[in-house]
Amino acid sequence: MRRNGRILAINGVLVLALAAAGWGAYVFLWPSGTSNAASQARAVPVSRTTVVETVSAAGTVDSAYGADVNFGTAGTVASIDVKVGDAVAAGQQLATLDSAEAKAKVKAAQSSLDAAEEDLADFDDSTDTPAGSGGQTQTETSLRAKVDQAELTLQQAKDDLAATVLTAPGAGTVTAVNGGVGQRVGGSTGASGSDTSSGADAFIVLTDLTNLLVKAKLAEIDVSKVKAGQEATVTVNALPDSPIRATVGAVDLTPTTTNNIVQFGVSLTMAQPPAGLRPGQSASVAITVAKAEDALAVPSAALRTAGGQSTVTVLSGGREETRPVQVGVRSEALAQITSGLAEGEEVVLSVPSTTSGGSGGLTGRQGGGGGGVAPGGGGVLIPGGGGR
């Protein structure tokens with residue numbers, strides 16, 4: 001019995017201590033104890049700051065230049081003069097085909113041309129009509145056609161011989177070699193840009209690893225806001241703590257549609273890409289589409305918009321007044337007010353004045369430092385400023 005009595009006494013002391021601590025916290029957070037304390041706690045002053053509107057998109061690091069290089073004629077690979085990782089210059093030899101067959105075709109085409117020209121010359125010598133006089137006979141016309149055809153055949157044979165040597169169309173790094181000596185290859189288009197080819201079927205793939213850019217997809221609702229020359233920030237997912245300054249280079253004029261989602265491509269040039277960056281790495285992009293400096297601003301939570309008209313609730317003399325305002329640049333957290341409010345006036349945030357069920361409330365009015373978010377599920381950010 002005595003032991004149970006001691007336990008009850010100790011528990012009673014703990015209950016009293018917790019009650020006292022709770023009352024102290026209440027007095028500290030709500031010192032006025034007036035009926036409009038909740039409204040005052042939800043009000044923040046109109047202040048001047050910089051408001052930045054951005055458009056976000058997911059992107060991928062890409063090379064400013066790339067080429068899928070193929071032989072322009074059919075043949076058997078005789079040599080491969082580069083390997084993956086080699087840096088090459090424009091015009092540098094990359095690989096060759098066995099040229100014996102191509103050389104034989106050139107020789108045969110040259111012989112055919114010589115014979116055709118000799119036949120034409122013999123005919124001209126056997127007639128009284130000077131060559132090119134305009135009085136050509138049917139025989140002469142036929143002979144001249146054979147000469148023309150022989151010249152075309154010879155030129156094609158020479159082009160095929162030249163195509164047995166594969167050269168780099170531009171400077172870059174060899175990132176793939178899809179073939180080997182002794183392999184039979186067919187004629188192709190020679191080289192194509194990396195934007196239109198995957199490189200899977202290319203004999204050699206070149207990529208410029210020194211000039212990198214970021215390509216992203218914009219939602220159709222945002223594309224009208226984005227223009228070449230706008231500033232942006234690129235954050236490579238593998239380097240989240242190293243944002244990179246960038247500039248919008250170009251915006252596609254036509255969209256791509258995937259699963260009924262319309263998007264427009266945009267390319268961005270990075271000012272100083274970090275060392276080790278590689279094409280294919282994923283990134284996030286934030287493009288600055290509007291900016292207002294030294295602007296009157298309120299938290300976005302203070303705005304209510306209906307029928308195209310924005311309003312705020314102003315707290316004056318302990319009373320709340322609904323007032324229409326004009327909104328300029330708007331970010332996710334702040335909105336520029338171009339008319340309807342004066343600096344220092346207080347606006348009420350659109351949040352409940354009481355808390356329940358773990359929903360967080362405001363920790364204070366607009367104050368010094370960085371502001372904060374109340375604990376719980378529904379806290380509202382309080383911007384930093386001069387605390388009171």
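Tutor: Let's begin with a term: buried means under 20% relative accessible area, exposed means over 50%, and partly exposed is in between, using a 1.4 Å probe and protein chains only. In this chain of 388 residues, 32% count as buried. Keep in mind that this is a predicted model, where local features need pLDDT of at least 70, side-chain atom pairs count only at pLDDT 80 or more, and totals for chains, interfaces and linings use all residues. Residues are numbered from 1 along each chain as its sequence is written, and side-chain values use heavy atoms, with hydrogens and water left out.

Student: How many helices and strands does the chain have?

Tutor: Helices (H or I, at least four residues) and strands (E, at least two) are DSSP runs, numbered from the N terminus. Here you get four helices and 22 strands.

Student: And how do I read contacts?

Tutor: A contact means heavy atoms within 4.5 Å. Take the contacts between residues at least 6 apart in sequence: 70% of them join residues at least 24 apart.

Student: Is serine 224 buried or exposed?

Tutor: Serine 224 counts as exposed because its relative accessibility is 56%. You'll find serine 224 in the loop between β12 (212-219) and β13 (231-236). Its C-alpha atom is 9.9 Å from that of valine 289, although the two residues are 65 apart along the chain.

Student: What is a salt bridge?

Tutor: It's a side-chain nitrogen of Lys or Arg within 4 Å of a carboxyl oxygen of Asp or Glu. Searching the whole structure turns up 12 salt bridges. One of them pairs lysine 105 with glutamate 101, at 3.7 Å from N to O. Both residues sit in helix α3 (residues 100-125), four residues apart, which is about one turn of the helix. Lysine 105 is partly exposed at 47% relative accessible area, and glutamate 101 is partly exposed too, at 49%.

Student: Which residue forms a salt bridge with arginine 323 at 3.5 Å?

Tutor: That's glutamate 321, with 3.5 Å between the closest N and O atoms. Arginine 323 counts as buried because its relative accessibility is 18%, while glutamate 321 is partly exposed at 37%. Arginine 323 also forms a salt bridge with glutamate 345, where the closest N and O atoms are 3.0 Å apart. This pair links distant parts of the chain: arginine 323 is in strand β20 (residues 319-330), and glutamate 345, 22 residues apart from it, is in the loop between β21 (334-339) and β22 (346-348). Glutamate 345 is partly exposed, with a relative accessible area of 22%.

Student: How should I read a charged patch?

Tutor: Patches are made of residues with over 30% relative accessible area and no salt bridge, with like charges joined within 9 Å. Asp and Glu count as negative, and the place of a charge is taken as CG of Asp or CD of Glu. Here a patch of negative charge on the surface gathers Asp114, Glu117, Glu118, Asp119, Asp122, Asp125, Asp148 and Glu151.

Student: Which helix gives the most to the negative patch?

Tutor: α3 does, with six residues. Both α3 and α4 (138-162) supply at least two residues each. Aspartate 148 is in helix α4, and it is partly exposed, with a relative accessible area of 45%.

Notes: Patches are made of residues with over 30% relative accessible area and no salt bridge: like charges are joined within 9 Å, nonpolar side chains (Val, Leu, Ile, Met, Phe, Trp, Tyr) within 5 Å. Accessible areas come from the Shrake-Rupley method with a 1.4 Å probe; for residues, only the protein chains shown count as cover.
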